[in-house]
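Please look through the sequence and the structure shown below.

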2 protein chains.
Amino acid sequence: MSGAPSDDRDEFALIARLFAPLAQSYPGALGLGDDAALMDVPAGQQLVLTMDSMVAGVHFFADDPADLIARKLIRVNVSDLAAKGAHPFAIMLSAAFPHAVGMDWLRRFADGLGQDCRDYGLALIGGDTVSTPGPLTLTLTAFGRVGQGQAILRSGAKDGDVVFMTGTLGDAALGLLSRQGRFDRLPPSLRDHLDQRYLLPQPRHVLGPRLAGLAHAAMDVSDGLVQDLGHLCRQSGLGAVIRAQDLPLSDAARHLLADDPGLLSNLLSGGDDYEIVFTVPPEHADKIARLADDAGTSVAAIGRMCSQAGVVVQDGQGRPLDLALTGWRHFNDTRGK
Amino acid sequence: MSGAPSDDRDEFALIARLFAPLAQSYPGALGLGDDAALMDVPAGQQLVLTMDSMVAGVHFFADDPADLIARKLIRVNVSDLAAKGAHPFAIMLSAAFPHAVGMDWLRRFADGLGQDCRDYGLALIGGDTVSTPGPLTLTLTAFGRVGQGQAILRSGAKDGDVVFMTGTLGDAALGLLSRQGRFDRLPPSLRDHLDQRYLLPQPRHVLGPRLAGLAHAAMDVSDGLVQDLGHLCRQSGLGAVIRAQDLPLSDAARHLLADDPGLLSNLLSGGDDYEIVFTVPPEHADKIARLADDAGTSVAAIGRMCSQAGVVVQDGQGRPLDLALTGWRHFNDTRGK
């Protein structure tokens with residue numbers, strides 16, 4: 001119950017100094033000098049809220065670079081908001097730091113936060129800092145704005161909608177396997193690509209808001225395409241048929257799949273894609289390519305919504321693939337260990 | 001990367017079943033079936049936001065009853081909002097559960113959440129559930145509403161304001177010492193009182209909003225009166241003089257203090273009070289007693305704001321007390337161990 005030793009007080013002061021500049025752009029953050037933040041919401045707008053936690057040894061490696069840990073935390077949450085069609089503008093951060101975290105690490109962590117706050121137009125408006133005898137545990141609450149009634153939900157898909165996804169599938173899952181030493185013979189440039197996709201997601205924050213009013217349903221793929229599309233299907237009371245040959249794959253994924261076709265299951269069920277899967281009525285499907293092009297994001301039409309519940313992935317002959325793995329569970333999981 | 005074993009899936013399903021009813025009253029929670037929540041803010045109102053984390057072994061004992069852990073988490077955050085003059089209405093919860101957490105524990109935890117959601121008029125509108133190889137780590141983001149410009153900040157105190165605090169001082173700190181076996185000779189009824197004050201804070205959610213427009217500054221006392229009032233003083237560019245003999249003490253605290261006057265330092269610096277300290281211009285000070293009475297909360301005038309920086313606690317003769325302990329630091333701390 002006594003005060004902490006002086007070096008801890010220094011650490012406290014350092015955190016305050018490092019984080020305060022990230023709040024400057026938002027008056028309601030009160031300079032992080034109060035226990036609470038104030039927020040005004042313009043008339044005609046709704047808030048979109050999301051909250052994600054990341055634990056060292058579960059969602060990232062404890063020795064990942066501190067700036068990349070901070071940036072992944074931000075991007076995971078930005079991805080959720082973008083998939084709702086929202087413009088992210090603020091975050092609150094709660095960090096449980098283990099005792100081993102030092103000043104250099106904190107500086108680098110704050111650098112990463114600052115870089116992505118600038119890049120995504122975010123203000124840090126509040127949060128909490130505590131100590132933990134366990135692993136580094138980070139929780140972000142992220143705030144986005146969307147026009148009243150314009151948010152794209154999971155539940156809005158219609159029978160016959162075209163299913164699209166952004167970017168490429170499963171690179172982060174392969175990146176994790178690569179870091180576990182699975183692909184030692186992969187050319188370094190391809191391995192680097194996979195590593196980066198695991199370490200630093202690229203949320204589709206430009207395209208996401210432009211899908212509002214066009215997409216019937218959307219969500220970000222964080223726990224594997226089959227599982228997440230399954231959530232969207234259930235919330236919409238529908239099913240989906242996905243064509244394996246239309247799945248967008250990176251060069252690295254194609255290279256590995258040529259050697260080991262069984263990896264397709266990993267691509268379809270692996271976490272950390274942070275791409276958007278969304279459904280669009282067929283009559284608007286031809287607008288998507290140009291919209292995505294303008295946003296600098298690739299998209300692929302990968303299948304159709306249907307009335308039959310469940311997600312079916314078909315091979316080139318229209319036969320359903322047997323997918324033993326259906327996705328990533330967060331509870332009692334072992335990812336990143 | 002493989003799916004979790006079936007009992008974990010059961011646990012996932014249980015969490016979903018247990019938490020979903022807490023979201024029913026809030027349409028924007030989307031039944032907790034989406035990755036995000038939607039929130040409308042009525043014209044003329046501002047949001048007040050706060051976020052607090054609690055770690056087993058740091059902020060509570062890992063073997064504390066699960067329902068009381070949940071309720072303390074809610075109350076700690078409600079206390080922050082009440083001290084800003086805000087009406088709490090929604091929470092988001094992120095929970096990192098250790099593997100040892102079982103179904104009975106989860107049921108009891110959800111019971112506690114549900115009870116306090118009902119008692120404080122809160123909806124659970126979203127969050128995250130992850131696993132951790134470390135201690136149970138809980139983070140709550142809480143949302144309150146306040147009339148535009150009506151929030152009571154730390155920074156508004158004026159020279160000459162009367163300093164008030166609600167409830168009694170330091171009981172939770174004594175409750176912690178009691179649980180560590182320090183007060184074995186204390187009568188059981190007094191010890192129970194202290195234990196309860198440590199386990200289950202009583203946020204002043206009725207009085208808090210009624211102070212809007214009357215109090216110049218306010219904050220909740222969570223890290224010790226001297227430290228927290230020090231924050232308020234710094235944010236207001238002032239200092240405060242507190243009269244030790246006017247500090248509101250419980251029977252249990254008086255009993256222990258009679259034996260060991262040195263415990264006054266613990267009362268003044270101990271955490272977890274979750275009372276409100278607030279400042280009121282002298283011409284309105286006489287309204288406070290009735291207001292507090294109506295709200296069912298006791299208040300005490302404990303001192304004055306002054307131009308000289310710092311917090312001074314005076315004895316009955318007006319001499320400053322030497323307080324070696326100035327409060328509770330969250331970083332690298334040892335509370336609850």
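## The sheet

In this predicted model, five strands form an open sheet in the order 1(A)-2(B)-5(B)-3(B)-4(B), with mixed pairing; strands are DSSP runs of E with at least two residues, and helices are runs of H or I with at least four, numbered from the N terminus, while two strands pair if DSSP finds at least two bridges between them. Strand 1 (37–39) of chain A and strand 4 (123–132) of chain B stand at the edges, each with a single partner strand, so one side of each has no neighbour in the sheet. From one strand to the next, the twist averages 20 degrees.

Strand 2 (residues 45–55) and strand 5 (residues 137–147) of chain B run antiparallel and are joined by eleven bridges, and B:Met54 has B:Leu138 in strand 5 of chain B as its bridge partner.

## The core

Of the 210 residues in the largest nonpolar core, A:Val277 and B:Val277 touch the most other members. Such a core is a set of buried Ala, Val, Leu, Ile, Met, Phe, Trp, Tyr and Cys residues joined through C-beta atoms within 7 Å, where buried requires 20 or more other C-beta atoms within 10 Å, exposed 12 or fewer, and partly exposed lies in between, with C-beta atoms placed from the backbone.

## An exposed residue

B:Asp251 is found in helix 8 (residues 251–259) of chain B, and B:Asp251 is exposed because 12 other C-beta atoms lie within 10 Å.

## Reading the model

Local features need pLDDT of at least 70 and side-chain atom pairs count only at pLDDT 80 or more, whereas totals for chains, interfaces and linings use all residues. Residues are numbered from 1 along each chain as its sequence is written, and chains are lettered from A and ligands numbered from 1 in the order in which they are written.

Notes. Axes fitted to C-alpha atoms, helices over the stretch in contact; angles between N-to-C directions.
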